[in-house]
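Reader: Hi! I'm new to this one, could you walk me through it?
Author: Happy to, here it comes.
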Amino acid sequence: MMSRRSRIFWIGLVFSLGVCGALAYVLFPFIKTDVYRETLERGFSATLGRKVSLQGPISLTFSLQPRLILENVSVANPPWASQPHFFRANRLEIELSLVPLLQRRLEAEKIGLEGAELFLEEGSEGLDNWTFGEDAAPGILSRAVPSVFMTISNRGEISIEGSRIRYQPYLGEETTEVFIQQGVVVAPDDRLRAFSFEGAYRDVPVKIELNSGPIMDLLNLDQAPWPVDGVLSVKEASASFKGRVGGTDLDKTFDLAVQVHGSRLSALNDLLEIDLPDSAPFMIAADYLQGNDGITLNNVRGTLGTSDLAGQLRIPSGKGRQSIQGKLSAKIFQIHDFLFSPKITQQDMETGQRASPRKPSPIIPASLPVDVDLDLTIEKCLFGEIELGSVSLTASGREGHVDLSPVRVKAFGGTAAAHVTVELNTSQPQSVFEAKGTSLNYGQVFQALGLTESIAGSTDFEVTASGSGATLQEFLKTVTMNLQTAHTTFGLSTPIPEDP
């Protein structure tokens with residue numbers, strides 16, 4: 001008589017053979033890759049709405065979790081694009097769901113990409129290559145055999161290794177590239193996707209953690225918004241963003257709350273290809289809204305050391321030069337927060353040497369890349385422990401000209417109105433400062449500077465100053481100044497010697 005253990009063994013064997021037989025029946029068409037390659041291509045093309053080519057080997061593993069392995073896979077670009085492929089991968093490994101497979105349907109549980117490239121490109125008249133359309137007409141063989149449609153499970157997972165994303169804007173601007181060393185996308189629920197990527201942008205190591213909607217929803221951003229909630233991190237700085245992208249409301253193509261913070265401004269240099277100095281810890285935040293009429297930054301707020309900033313900015317859309325408009329205010333503006341020390345190199349840190357002198361960074365640019373119209377109010381301006389008073393000004397900047405007028409100052413018991421102009425059309429920008437003040441308490445000035453406490457009084461004054469140079473040192477070497485008060489007249493035209 002057969003024992004219970006033997007019965008279980010034979011039942012399990014028969015079940016396994018039955019499953020293998022069913023899988024063999026279901027998967028047999030896919031093994032004959034020479035015949036059914038076009039069927040697979042047609043099915044994938046129908047899923048994506050773009051021509052898909054499978055030029056490399058195709059293999060399939062038999063198990064309760066079958067795997068379809070494709071090599072040299074590509075998705076075609078539209079005819080106008082500069083590159084032949086929208087997407088290509090050296091290896092695409094797909095773990096298939098068993099139950100749909102028994103019904104001769106391909107449903108991916110896991111997708112693995114190796115050596116993939118995604119090329120995003122913009123064309124003329126608002127065209128882009130990531131908006132997919134209907135596929136081309138099927139070939140003769142595709143019409144003779146049923147298409148294989150691929151779907152992704154709602155709880156599917158995607159892993160990525162050694163891949164790149166390239167973005168080419170219209171009119172031949174520089175291509176932007178992101179390298180993904182490793183990444184994974186998982187689905188905590190049917191509508192949420194969790195992304196985790198490590199890689200490099202402009203050769204700077206970056207890490208991205210993102211919660212958002214399904215990836216395929218990106219292909220239909222004009223129909224429904226795509227939620228985002230993530231963090232991008234680099235060494236000593238990070239940026240968080242939360243909101244939505246796309247949707248039917250064209251006035252809110254992007255609606256995001258963004259915050260950037262770090263230990264020093266120069267931590268952003270390599271990532272943004274700029275030359276910010278070392279500084280105190282900083283934070284910049286705003287509600288970013290982009291639509292047909294331009295970009296609006298609401299609830300702008302920032303800190304640098306003890307200094308703060310708040311307000312609203314706007315970048316209208318339109319032809320010609322871009323412009324920035326807005327109003328900003330600061331409760332405290334500490335000048336010491338903006339007196340930056342020379343950068344210390346890694347070699348200086350290793351040898352224990354002081355940072356070598358370096359060429360001062362320009363405080364005045366050669367030209368303005370955008371037009372600027374800003375109103376700025378500072379409640380309390382400080383120089384260390386010295387309180388300099390309050391300042392309000394209107395700034396207007398064009399490509400070759402900057403005008404600060406009016407500038408109103410309340411300090412040391414008096415008031416002043418000033419006007420500053422800077423001409424940028426020369427190699428050495430020309431700056432002119434004019435001011436008139438009333439009731440300046442010079443006794444308070446002397447006390448604040450720690451010179452004397454025995455002098456008291458107030459006076460009206462007029463001052464003019466002019467000079468040239470793109471740096472503070474260059475300006476001081478060429479400055480001429482005239483100061484006239486009710487009691488004295490003072491003139492300065494002698495260059496200030498450089499530090500030894």
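Author: Let's start with a term: a charge sits over a ring if NZ of Lys or CZ of Arg is within 6 Å of the ring centre and within 35 degrees of the ring normal. Arg 50 lies over the face of Phe 86 in this way, at 5.6 Å from the ring centre.
Reader: Nice! What sort of model is it?
Author: It is a predicted model, where local features need pLDDT of at least 70, side-chain atom pairs count only at pLDDT 80 or more, and totals for chains, interfaces and linings use all residues. Residues are numbered from 1 along each chain as its sequence is written, and side-chain values use heavy atoms, leaving out hydrogens and water.
Reader: How many aromatic pairs does a search of the whole structure find?
Author: Three. Rings of Phe, Tyr and Trp (its six-membered ring) pair if their centres lie within 6.5 Å; planes under 30 degrees apart count as stacked, over 60 as edge-to-face and the rest as tilted. Phe 195 and Trp 226 form an edge-to-face pair, 6.3 Å centre to centre with 70 degrees between the planes.
Reader: And is Phe 195 buried or exposed?
Author: Phe 195 is buried, because its relative accessibility is 8%. Buried means under 20% relative accessible area, exposed over 50%, and partly exposed in between (1.4 Å probe, protein chains only). Trp 226 is buried too, at 9%.
Reader: Which residues form one aromatic cluster?
Author: Phe 195, Phe 197 and Trp 226.
Reader: Changing topic, what about Ile 215?
Author: Ile 215 counts as partly exposed, because its relative accessibility is 32%.
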